[in-house]
Amino acid sequence: MADMEHIRAVEATLFASEEPLRSKDIAQYVGDEVDVDAALKAIEEHYHGRGIELVKRGDRWHFQTAADLAYLLRRESDELRKLSRAAIETLSIIAYHGPVSRAEIESIRGVQISKGMLDVLMQAEWIKSAGRREVPGRPLIYVVTNEFLTHFGLSSRKDLPGIKDLKATGLLDPVDMVMNEMFTETAEDEENIGDSDSEADDV
């Protein structure tokens with residue numbers, strides 16, 4: 001169990017920070033003598049079930065409104081609602097399939113993406129470059145950002161919901177529906193391809 005003064009120091013550091021912090025970032029403020037991980041666990045347990053909670057997104061920690069109360073403070077996302085359908089589809093592909101290159105995105109969508117599409121998503125801080133793929137031409141590859149995960153209340157991409165989950169919660173709005181229609185169609189296409197392969201095998 002972490003010392004109470006250490007817990008308070010970590011709690012104050014997180015509360016004062018404008019951005020999510022990694023354990024090693026917190027240690028720079030509170031000192032090496034503090035067991036930051038133990039303190040974080042104690043704080044996480046303390047706020048569990050309350051109006052605000054301590055959450056981990058990727059390798060960073062921050063306080064946020066409890067998920068079931070977020071509707072009280074909900075603000076429409078200008079960045080998301082300004083995106084075209086093509087941009088939303090591109091963002092969805094990167095979220096569910098990343099890291100992916102531009103060519104891989106175009107292959108999945110079946111059409112080319114406009115020159116500035118990825119730039120728009122990067123400016124909105126929804127995606128970022130994750131280096132280059134080690135293949136001829138060494139194309140840039142892209143992944144979603146921690147800001148994307150935070151916006152949708154995800155700890156990692158593994159927590160991305162399926163279509164049925166989103167519909168069951170009633171959380172799908174018109175933009176979300178557009179984002180997810182593509183994946184329904186993709187799943188159905190893959191299923192049909194699988195059926196076709198099976199029939200071919202039978203023949």
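Q64 lies in strand β2, which spans residues 60-65. The model is predicted, and the protein in it holds 10 helices and 5 strands. Of its 203 residues, 34% are buried. Among contacts between residues at least 6 apart in sequence, 50% join residues at least 24 apart.

- Strand β1 covers residues 52-57 and runs antiparallel to β2.
- The two strands, β1 and β2, are joined by 6 bridges.
- One of the residues with a bridge partner in β2 is E53, whose partner is Q64.
- The hairpin has 2 residues between its strands.
- In this hairpin G58 adopts a positive phi, near 70°.

- Q64 has a relative accessibility of 16%, and because the cut-off for buried is under 20%, Q64 counts as buried.

**Packing of helices α2 and α3**

- Two packed helices are described by the angle between their axes and the distance between the axes.
- For α2 (residues 23-30) and α3 (residues 36-47), the angle is about 105° and the axes are 10 Å apart.
- Angles of 65 to 115 degrees count as roughly perpendicular, and α2 and α3 are therefore roughly perpendicular to each other.
- On the α2 side the contact is made by S23, I26, A27 and V30.
- On the α3 side the residues are V36, D37 and L40.
- By class, the residues of this contact between α2 and α3 comprise 5 nonpolar, 1 polar and 1 charged.

**E104 in helix α6**

- E104 sits in helix α6, which runs over residues 102-109.
- Its relative accessible area is 29%, so E104 is partly exposed.
- Beyond its neighbours within four places in sequence, E104 is in contact with P99 and R133.
- With R133, the contact includes a polar one of 2.9 Å between the side chains of E104 and R133.
- A polar atom of the E104 side chain also lies 2.7 Å from the backbone nitrogen of S101.
- I94 is 10 residues away from E104 along the chain, and the C-alpha atoms of the two are separated by 9.7 Å.

**T145 between β5 and α8**

- T145 belongs to the loop that links β5 (140-144) and α8 (146-151).
- What is the relative accessible area of T145, and is the residue buried or exposed? The value is 7%, so T145 is buried.
- Leaving out neighbours within four places in sequence, T145 contacts E125, W126, I127 and K128.
- The side chain of T145 also makes a polar contact of 3.3 Å with the side chain of E147.

How values were computed. Residues numbered from 1 in each chain as written. Predicted model: local features only at pLDDT ≥ 70, side-chain atom pairs only at ≥ 80, totals over all residues. Heavy atoms only, no water. Axes fitted to C-alpha atoms, helices over the stretch in contact; angles between N-to-C directions. Helix = DSSP H or I, 4+ residues; strand = E, 2+ residues; numbered from the N terminus. Parallel < 35°, antiparallel > 145°, perpendicular 65-115°, else oblique. Contact = heavy atoms within 4.5 Å. Nonpolar A, V, L, I, M, F, W, Y, C, P; charged D, E, K, R; others polar. Buried < 20%, exposed > 50% of the residue type's maximum accessible area, 1.4 Å probe, protein only. Polar contact = N/O pair within 3.5 Å; in protein donor to acceptor, adjacent residues only side chain to side chain. Pairing = 2+ DSSP bridges.
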